[in-house]
Amino acid sequence: MRQQQKRVVFRFIASLLVMAGAGLAQGATLGDVRGKDYLDCGVSTGIPGFSNPDSQGRWSGLDVDVCRAVAAAVLGDADKVRYTPLTPSDRFNALSSGEVDLLSRNTTWTHSRDTTMGMIFAGIAFYDGQGFMVTRSSGLTSASELNGAAVCIQSGTTSELNLADYFREHNMKYQPVAFTTSDQTLEGFQAGRCNVLSSDLSQLYAQRTRLKDRDSVRILPEVISKEPLGPAVRQGDMQWYNIVKWTLYAMVNAEEYGVNQSNVDDMRASDKPVIQRMLGVNGDTGRAMGLSADWAYQIIKQVGNYGEVFERNVGQDSELGFDRGLNELWSRGGILYAPPLR
């Protein structure tokens, strides 16, 4: 009986500690970011179109613009961001340890990551899927021809796991050639250490831009997985989670309502209640998150709506040349959809 009573007491104490920890976490990140007056954002070690530094160390890309949008909402200045390059193997520890306030690093939202790693995804910034890139000289035109292939892959990613599942399901054999970074996988592919490179399509398109002759490779038509990429934050801080989540939603809603960087000042005079709420003219949607009333206006003015962010970083006129596809608004044939700002 005493042992049972002890177990009950221990469980009660443990539950109190969990609740206390959650209470301390609530609002902690927002206070930390404002205290140091910049956002620590975890990004990739370099993926064109998503998070990539130029020769001067200036970062750009879709994931970078998510960081900038959060900084605009929280600090009123999209440039108050410190970028921390992270490999797949160290990105989650960097977030859980507090080294970064936000992980915006082409990271796939999965069940295990959302439930067992002390992190939570705040939305989907890019709908992606895994594919294969081969040299044209190989003559390969389909993934069904890859039996026995040596495949360059980045370790510590969902791509590595998906690859194993795909070959097992199709009763094919392959030789994985694993590397730590995306750059290393491309170098291995170019050096002939493998005859296939497999990754998210976004990364394959990005890696192709680094080749001297882009036409020397072919991206096969098969897409073998769902890869919803989005920003993640630590669990236990609902205020910060809501801020990052609604930063994404504000950019999507802005595109749907026709509000962009060029017209956002004029749109403050709009007679549409939903636009008035979004831009902080009528009502205060920021107060519940600890933000100013014009938080969404700052995002759109300094960074842009989702369509602008997509087009300048990965769209048809960018180096990557992506079609919107699934990343198009729901009203235009895609699956991009944001809850209403009400």
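Cys41 and Cys67 are joined by a disulfide, with 2.0 Å from S to S. Keep in mind that this is a predicted model. The count comes to two disulfides, and the other one pairs Cys152 with Cys194.

**The Cys41–Cys67 bond**

- The torsion about the S-S bond of Cys41 and Cys67 is about -65°, so this disulfide is left-handed.
- Cys41 sits in strand β1 (residues 39–43) and Cys67 in helix α3 (residues 62–75), so the bond ties together parts that are 26 residues apart in sequence.
- Cys41 counts as buried, at 0% relative accessibility.
- Cys67 is buried too, with a relative accessible area of 0%.

**The Cys152–Cys194 bond**

- Here the S to S distance is 1.9 Å.
- This disulfide is also left-handed, because the torsion about the S-S bond of Cys152 and Cys194 is about -105°.
- Cys152 belongs to strand β9 (residues 149–154), while Cys194 is in the loop between α7 (182–190) and β11 (196–200), so the pair links parts that are 42 residues apart in sequence.
- Cys152 has 0% relative accessibility and counts as buried.
- Cys194 has a relative accessible area of 6%, which makes it buried as well, since the cut-off is under 20%.

**How the cysteines pair up**

- If you number the bonded cysteines of the protein chain in sequence order, the pairing reads 1-2, 3-4.

- Helix α3 is made of 14 residues and reaches 20 Å from its first C-alpha to its last.
- That span is close to the 20 Å expected at 1.5 Å a residue.
- Of the 14 residues of α3, 14 are buried, so the helix is largely enclosed by the rest of the structure.
- Just after α3 comes Gly76, which takes a positive phi of about 75°.

- Gln203 is part of helix α8 (residues 201–208).
- With 6% relative accessibility, Gln203 counts as buried.
- Its side chain makes a polar contact with the side chain of Ser182, at 3.3 Å.
- Setting aside neighbours within four places in sequence, Gln203 is in contact with Ile47, Asn106, Gln154 and Ser182.

Conventions
Residues are numbered from 1 along each chain as its sequence is written. This is a predicted model: local features need pLDDT of at least 70, side-chain atom pairs count only at pLDDT 80 or more; totals for chains, interfaces and linings use all residues. Side-chain values use heavy atoms; hydrogens and water are left out. A disulfide is a pair of cysteine sulfur atoms within 2.5 Å. Helices (H or I, at least four residues) and strands (E, at least two) are DSSP runs, numbered from the N terminus. Buried means under 20% relative accessible area, exposed over 50%, partly exposed in between (1.4 Å probe, protein chains only). The expected span of a helix is 1.5 Å times one less than its number of residues. A polar contact is a pair of N or O atoms within 3.5 Å; within protein, one must be able to donate a hydrogen and the other to accept it, and residues adjacent in sequence count only if both atoms are side-chain atoms. Contact means heavy atoms within 4.5 Å.
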